[in-house]
Amino acid sequence: MDIRLALALAAGKAATAASRRLGLGAGSNFPGKVVLRLHPRATEKIASRLARGCVLVTGTNGKTTTSNLLAAMFRQAGLRPVHNRVGANLISGITAALAQASDLSGKPGGDIGLFEVDEATLPEAVRRLRPGLVIITNLFRDQLDRYGELETLAHKMDSALGEMESGSAVLLNADDPLVACLGASSAASLYYFGIECEEVGEGVLRHAADSKHCRECGSPLDFAVHFFGHMGKYSCPLCGTSRPRPHFIAERVGLKGTLGSTVTLTTPAWKTTLELNIPGLYNVHNLLAAAGGAYLLGLDEEMVRRGVEGYVTAFGRGERLPVEGRNIFLVLSKNPTGFNEVIRTVREEGSDLVVLAALNDRVADGRDVSWIWDVDFEELAPLPRVLVATGTRAWDMALRMKYAGLDPARLEVRENLRDALRTALSRTAEGETVYALTTYTATLELRRLLTRLGAAPGLWEER
Amino acid sequence: MKGVILRICHLYPELMNIYGDRGNVIALERRCAWRGIRVEVSRLSIGDPLDPTSFDLFFIGGGQDREQMLVCEDLSSEKGAALRQAVEEGAALLSICGGYQLLGKSFLTWTGEYLPGIGLFDAETVGGDTRFIGNVAVRCTLEGAEGILVGFENHSGRTRLGPGCRPLGKVVYGHGNNGVDNTEGCVYRHALGTYLHGSLLPKNPLLADWLILQALRRRYDLEALPPLDDTLEEAAHRAALRLTREERGPLRSLRRLAAR
């Protein structure tokens with residue numbers, strides 16, 4: 001037995017217990033930092049003992065939902081995933097999950113690692129965890145102050161894929177031109193997922209679209225259809241580069257507002273129609289990513305189906321929580337493309353809505369809130385009976401809505417989140433819903449507030 | 001203001017748009033619409049010809065390296081000269097970050113690439129090895145728009161001004177043009193360059209109105225614009241300034257401690 005590892009793991013477990021007791025959440029990075037300080041290679045040591053290896057899920061949007069869907073499928077297959085499911089996705093968070101799931105000798109209590117990984121952390125995660133499968137959901141502009149420009153990030157991710165071994169696999173989003181071109185120099189086998197249903201597309205490219213030029217030759221891409229952001233069916237008129245043919249396909253998609261969608265899913269071996277209980281076209285991509293990953297790991301149709309149908313919404317990703325006879329529809333909205341899709345979903349709920357929009361500018365949200373001007377709030381503006389703006393940047397949010405065309409008489413600004421929730425609830429009749437659109441740290445805060453009100457289970461009590 | 005038309009030219013909107021710069025055009029459009037001024041926005045991109053007499057106000061935002069290079073090449077055609085001519089003839093212009101850099105004389109990036117500018121501003125930019133990132137407050141010295149500007153900066157370029165233009169203002173909190181001489185932005189005739197986004201104009205209505213007024217004066221005899229109810233704008237400005245002071249001002253460690 002490795003005494004140093006045992007000590008590090010004991011300290012990590014103690015730190016996890018302490019942070020739970022203090023209400024800091026089980027997923028915080030702190031316990032992982034403790035472990036790494038005492039044993040810098042603890043991550044590799046434990047991960048290498050996972051019988052079925054590791055799966056990494058990365059990308060700007062959809063990491064948490066994709067990996068939670070995949071975890072649900074794994075459980076149907078009788079696998080026991082070691083999973084950083086609360087979204088602590090830096091090396092420290094992954095290490096904390098590994099430490100928590102293993103005994104003091106470093107023997108993991110599960111058989112497969114399933115980790116969502118911060119985009120910028122992918123290179124280090126690939127080196128430490130030697131994944132058998134990497135899934136990349138999409139790349140959008142997000143937190144430019146933290147990640148730098150999208151080009152640089154894509155380049156780093158491409159180098160990381162270049163370090164993968166032959167026999168491993170990479171699953172990429174064919175609809176995202178920035179993601180589909182990754183991995184060309186990788187020894188891993190490349191697979192793609194994509195939407196083939198053109199009826200769910202839009203005619204015009206959104207303002208938030210990031211990647212509109214061919215990665216090979218730089219000329220503008222032709223889009224036959226746009227799904228959202230810069231997702232779509234594209235080709236380069238100059239050099240002929242085009243969207244790869246996907247292996248995992250959403251053939252038919254019926255969107256049902258905040259309730260979810262009906263998706264006909266095709267893999268190389270089978271085809272099935274599923275009821276997805278999480279809303280929006282972006283979640284169809286997440287479903288494809290998870291189902292494709294499950295297929296590549298040898299899971300069958302039944303395991304995928306049961307995993308999807310029994311799926312419980314990931315924390316803050318379209319949760320519906322009952323409070324005082326009202327509902328809170330809580331959905332993380334953290335960057336332009338994600339926000340546009342949330343607005344598209346909320347629009348199907350009709351008008352005369354009570355909306356709570358929480359904009360924070362903490363480090364984990366991105367200090368720069370300029371991105372709200374890239375969101376098409378003009379499409380949200382006609383809907384609210386009242387919009388309560390809150391968060392550290394409440395006034396920026398309110399101003400954005402005024403310039404989007406919302407009558408200032410329908411605007412309420414409450415910097416404090418608790419006051420904002422009170423105000424929103426007081427303007428909501430019994431049985432009605434408050435639509436809470438919240439940035440990352442605001443989602444955590446609101447979730448904590450709702451837990452205290454008894455509306456939502458604590459982060460670490462779920463399942 | 002019946003019959004008054006403002007003709008805006010938004011340059012490279014699909015390429016130079018990295019930090020929500022579109023918000024500046026939204027602010028200009030709305031503030032005109034609220035006053036009954038008709039606005040026409042033309043979006044010009046790579047290869048589109050530019051007629052210097054067809055517009056009163058030009059806007060160009062910031063872009064990523066790749067986009068900036070495409071735009072640099074396009075501006076080196078007669079388009080750059082047309083833009084200079086329009087400003088010489090009194091047109092107003094706002095350029096942000098990457099756009100600002102390309103309107104100077106040159107931009108030498110940290111990786112050694114040389115991007116020639118159109119020389120509208122007597123300014124040279126050299127890339128640095130670190131980025132200046134964070135909230136900014138600037139004491140604006142522009143005649144008719146004196147006051148504090150608030151915004152957010154994120155740039156590696158260090159810009160130095162020559163004698164042919166003057167700064168937009170003095171840095172109160174943040175880095176500004178180069179982090180050394182306390183200047184931020186530049187002014188030449190009615191053309192402005194700045195590193196501030198946020199978006200800049202919605203929270204700085206004084207500057208938005210200055211641009212609208214200068215642009216309209218090109219073709220209309222106007223003293224001032226009718227005032228608007230800027231309660232919300234001013235509240236947002238105050239809140240941003242407070243946050244900037246907490247982040248970058250004196251006693252910040254004390255404040256942070258107290259905030260816990």
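These questions and answers cover the overall build of chains A and B in a predicted model.

Residues are numbered from 1 along each chain as written, with chains lettered from A and ligands numbered from 1 in written order. Local features need pLDDT of at least 70, side-chain atom pairs count only at pLDDT 80 or more, and totals for chains, interfaces and linings use all residues; side-chain values use heavy atoms, without hydrogens and water.

Colleague: What radius of gyration does chain B have?
Modeller: The radius is taken over C-alpha atoms, and the globule rule is 2.2 Å times the number of residues to the power 0.38. With 260 residues, a compact globule would come near 18 Å. Chain B agrees, at 18 Å.

Colleague: What share of chain A is buried?
Modeller: Buried means under 20% relative accessible area (1.4 Å probe, protein chains only). The chain has 463 residues. The buried share is 63%.

Colleague: What share of the contacts in chain B joins residues 24 or more positions apart?
Modeller: A contact is heavy atoms within 4.5 Å. Those with a separation of 6 or more are considered. The share is 70%.

Colleague: How far apart are the mean positions of the positive and negative charges of chain A?
Modeller: Lys and Arg are positive, Asp and Glu negative; His and chain ends are left out. Charges sit at NZ of Lys, CZ of Arg, CG of Asp or CD of Glu. Chain A has 53 positive and 53 negative charges, and their mean positions lie apart by 7 Å.

Terms used:
Buried < 20%, exposed > 50% of the residue type's maximum accessible area, 1.4 Å probe, protein only.
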